[in-house]
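Hi,

Here is the structure I promised to pass on.

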Number of protein chains: 2
Amino acid sequence: MDIKTAYNDDNYTIHVGHNIYDTLIHDYTKDYKDVYYIIDEYVYELYETKFSQLNHVIKAPRGEAFKHINPVMNTIDSLLDLNIKRNSLIVVIGGGATGDAGALLSSIILRGVDYIHVPTTLLSHDSSVGGKTAINRPHGKNLVGTFYRPKAVIFDLNFLKTLDDEEILSGFGEVIKHAMLNDQITVENLMHQNRRCINIEQLEPFIITGIKTKLRYVTEDETESNVRKALNLGHTLGHALEYEYQLKHGHAVVLGLLFMLYVSNERLNKSFNLQKYVEYFKSVGYDVSYLNELNIPSLIERMSHDKKNNETEKIQFVLLEAFGTPKFDNICIDELTHYLKEFQEII
Amino acid sequence: MDIKTAYNDDNYTIHVGHNIYDTLIHDYTKDYKDVYYIIDEYVYELYETKFSQLNHVIKAPRGEAFKHINPVMNTIDSLLDLNIKRNSLIVVIGGGATGDAGALLSSIILRGVDYIHVPTTLLSHDSSVGGKTAINRPHGKNLVGTFYRPKAVIFDLNFLKTLDDEEILSGFGEVIKHAMLNDQITVENLMHQNRRCINIEQLEPFIITGIKTKLRYVTEDETESNVRKALNLGHTLGHALEYEYQLKHGHAVVLGLLFMLYVSNERLNKSFNLQKYVEYFKSVGYDVSYLNELNIPSLIERMSHDKKNNETEKIQFVLLEAFGTPKFDNICIDELTHYLKEFQEII
Ligand SMILES: NC(=O)c1ccc[n+]([C@@H]2O[C@H](COP(=O)([O-])OP(=O)(O)OC[C@H]3O[C@@H](n4cnc5c(N)ncnc54)[C@H](O)[C@@H]3O)[C@@H](O)[C@H]2O)c1
Ligand SMILES: NC(=O)c1ccc[n+]([C@@H]2O[C@H](COP(=O)([O-])OP(=O)(O)OC[C@H]3O[C@@H](n4cnc5c(N)ncnc54)[C@H](O)[C@@H]3O)[C@@H](O)[C@H]2O)c1
């Protein structure tokens with residue numbers, strides 16, 4: 001499946017499918033004089049037979065370890081050593097972290113060199129769309145970055161076969177989020193087709209829906225001044241939980257989505273069947289017990305430092321009127337404390 | 001004088017004049033909740049009475065010392081300490097180096113915060129136009145950067161009064177280059193009005209012409225894929241001389257412009273009065289004696305490593321058909337050696 005972006009200019013294609021890497025990488029690289037590969041060192045190891053015959057390969061520190069200024073600068077210097085030019089191509093192969101750091105460095109080396117992203121995790125169906133690049137700082141995650149579009153995204157789902165369960169659960173969290181931002185039917189189908197466990201071989205249609213959903217929001221608002229913020233569904237509490245309990249991103253998002261459903265019921269007078277979703281998430285493998293003993297003051301503190309919020313008193317949440325219909329709401333800290341307490345009781 | 005950019009979007013005004021800083025900075029900052037000032041430490045010292053009452057000031061390492069990743073990251077962390085938000089404003093005050101590094105960090109902190117540049121050197125009439133940001137790497141100058149437009153440029157020429165002679169000569173080199181890219185009359189007037197020495201108080205019209213000339217090129221071709229390269233007039237040899245003899249940028253550009261006139265005479269069959277320009281440049285204070293004993297192999301080596309050239313065999317030069325009419329030409333290394341030898345003899 002080829003999904004084409006719909007910006008005013010600089011559009012590109014996101015290719016999704018099984019067994020598509022070899023042909024597509026050949027097509028995309030053939031017109032460049034020089035091609036440089038930046039590959040997650042662990043992914044390189046797993047797929048060594050595939051990658052070992054390539055010229056100009058730089059192995060990047062595994063996963064999140066790459067999202068720091070020193071490895072990024074070292075990689076830039078290695079590329080300069082290899083004589084990279086403005087008309088070269090960089091191919092970034094790895095998960096969301098490799099993508100974020102690899103795209104950032106592509107955007108700043110020689111003031112911007114073309115790059116292609118080859119995502120290799122389930123979670124990167126999300127991170128490879130939208131043009132956000134980032135590295136972390138001591139103050140927090142993703143505090144330094146750019147907006148920069150790839151020339152293409154080649155998402156070969158065969159790479160997902162080597163993912164461990166934890167990574168699959170993490171990626172699936174964002175698949176669920178996108179389903180919830182899409183519509184009721186997608187949510188129901190997703191739950192039905194992944195009843196007892198996550199069926200990675202059958203996820204293709206949901207990944208495609210996820211990408212299209214995300215694309216719809218980011219095309220409208222690339223720099224996140226308004227509607228793009230809907231993609232933070234589940235993320236306000238999710239981020240706080242991620243740091244508080246050192247959870248995988250998508251796992252934390254799932255917990256955040258449950259809270260979001262609860263708050264939507266309370267504030268928007270909805271009737272999402274919270275218990276049904278709690279049971280479902282448990283059944284596919286998420287540990288929801290973190291929600292039973294929340295360190296509420298610490299979580300609130302973390303949420304109010306979220307860089308995406310411009311107000312200090314109230315915290316912006318994304319709620320749902322219905323699946324597919326997000327609604328922004330600013331919740332003051334008193335109320336939030338109250339909701340977290342109640343939620344903790346009923347979960 | 002207010003000069004407005006003419007991009008498709010995100011336009012801004014370049015204000016040029018004497019005594020304009022106080023009013024304009026007030027106007028531009030008043031709608032932002034938080035404003036952060038990044039000021040060249042030496043400029044801060046010179047204008048301490050003006051700046052000492054400001055909130056949120058970060059003093060940047062002087063001049064080129066700021067154009068490295070560590071001071072840039074330290075400044076980013078200081079801004080995060082001071083709780084900078086995506087809707088804050090950064091005001092960068094200093095010469096071209098401060099501008100380049102300050103603009104780069106504005107473009108990457110929180111994926112881009114608004115910034116205003118207040119250039120304080122003559123050379124920064126050039127660097128503050130065109131949206132290029134940059135820092136240096138061990139491999140060379142300006143190898144890491146972005147394209148990022150300020151919200152405004154406030155060029156208060158009163159700041160120029162404290163510049164020393166060397167800095168004035170350096171800045172004047174780019175003023176001359178822009179005059180040469182404009183037309184014959186501008187070049188004649190400029191030389192006439194700055195007969196025996198550079199008359200900094202009277203430069204305003206030439207600075208404005210310079211800015212407008214540069215703007216014409218960069219608007220047409222922001223990312224330097226073609227016509228913008230004309231702004232490299234005098235820079236191919238200029239850059240090589242700058243590093244070879246550790247010259248100030250604009251001083252090296254002036255020497256590069258002389259060589260460019262010579263090569264234009266030779267290859268395009270022109271008759272620029274080389275001797276007249278040599279005498280003029282000497283008379284206002286440039287040391288042209290570097291041109292008498294060139295280390296030709298080393299210069300050639302440096303030129304062929306210029307990142308702006310995509311070919312390795314031939315080196316791209318910008319020549320002049322006439323003042324105001326640049327012409328690109330690729331010169332192979334043999335010929336170039338020959339020209340440099342001949343030029344050295346007659347200078
Ligand atoms: N730019 C965006 O819009 C955006 C959106 C969401 C998340 N993100 C970022 O994405 C990152 C999380 O994504 P992620 O989970 O893909 O990160 P990741 O790159 O750290 O990958 C997770 C782990 O999986 C391993 N891995 C990668 N491919 C594999 C494969 N095919 N088989 C086995 N193991 C493999 C990696 O080595 C790593 O240890 C975070 O840094 C987050 O900030 C960015
Ligand atoms: N971005 C662009 O398009 C572009 C174009 C040309 C040059 N540049 C860059 O600009 C830089 C050179 O510009 P520059 O010469 O202005 O650099 P600079 O910022 O290093 O300033 C030169 C010196 O003048 C001092 N100074 C600044 N303002 C002063 C004042 N008002 N009075 C007295 N001293 C003052 C500084 O402390 C410094 O020592 C280089 O780094 C070059 O790469 C960028």
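Let me start with a helix in chain A. Helix α1 (residues 21–29) of chain A lies across β2, β3 (35–40), β5 (89–94), β6 (114–119) and β9 of chain A, and runs at about 165° to β9(A). Bear in mind as you read that this is a predicted model. Another helix to find is α9 (residues 204–220) of chain A, which lies across β1, β2 and β9 of chain A. The angle of α9(A) to β2(A) is about 165°.

What sort of sheet are those helices lying on? In chain A there is an open sheet of 7 strands with mixed pairing, in the order β1-β2-β9-β6-β5-β3-β4. At its edges you will find β1 (2–4) and β4 (57–60) of chain A, each of which pairs on one side only. From one strand to the next, the twist averages 15°. If you want a pair to zoom in on, take β2 (residues 13–17) and β9 (residues 152–156) of chain A, which are parallel and share 5 bridges. There, Gly17(A) sits opposite Asp156(A) of β9(A).

Further along chain A there is a hairpin. Strands β10 (residues 314–322) and β11 (residues 325–332) of chain A run antiparallel and are joined by 8 bridges. Leu320(A) has Pro326(A) as its bridge partner in β11(A). The hairpin has 2 residues between the strands, and Gly324(A) takes a positive phi near 95° in it.

Now for chain B. Its sheet is an open one of 7 strands as well, in the order β1-β2-β9-β6-β5-β3-β4 and with mixed pairing. Here β1 (2–4) and β4 (57–60) of chain B each have a single partner strand, so one side of each is left without a neighbour in the sheet. The twist from one strand to the next averages 15°. Within this sheet, β5 (residues 89–94) and β6 (residues 114–119) of chain B pair in parallel over 6 bridges, and Ile90(B) has Tyr115(B) as its bridge partner in β6(B). Helix α5 (residues 96–108) of chain B packs on the sheet and touches β3 (35–40), β5 and β6 of chain B. The direction of α5(B) makes about 165° with that of β5(B).

How do the two chains relate?

On to the interface itself, where 32 residues of chain B are in contact with 32 residues of chain A. Between them the chains bury about 3,000 Å², and 54% of that is on carbon and sulfur atoms. How many salt bridges are there between chain B and chain A? The count is 2. You can look up the salt bridge in which the side chains of Arg137(B) and Asp77(A) meet, at 2.7 Å from N to O. There are also 10 residue pairs in polar contact across the interface of chain B and chain A. On the chain B side, the elements giving two or more residues are α4 (69–81), α5 and β8 (140–144) of chain B. The largest share, 6 residues, comes from α4(B).

Last item: salt bridges overall. Over all chains the count comes to 34. One to show on screen is between the side chains of Glu242(A) and Lys141(A), at 4.0 Å from N to O. Glu242(A) lies in helix α10 (residues 235–244) of chain A and Lys141(A) in strand β8 (residues 140–144) of chain A, so this pair ties together parts that are 101 residues apart in sequence.

Cheers

How values were computed: Residues numbered from 1 in each chain as written. Chains lettered and ligands numbered in written order. Predicted model: local features only at pLDDT ≥ 70, side-chain atom pairs only at ≥ 80, totals over all residues. Heavy atoms only, no water. Pairing = 2+ DSSP bridges. Helix = DSSP H or I, 4+ residues; strand = E, 2+ residues; numbered from the N terminus. Axes fitted to C-alpha atoms, helices over the stretch in contact; angles between N-to-C directions. Contact = heavy atoms within 4.5 Å. Buried area = accessible area lost by both parts, 1.4 Å probe. Polar contact = N/O pair within 3.5 Å; in protein donor to acceptor, adjacent residues only side chain to side chain.
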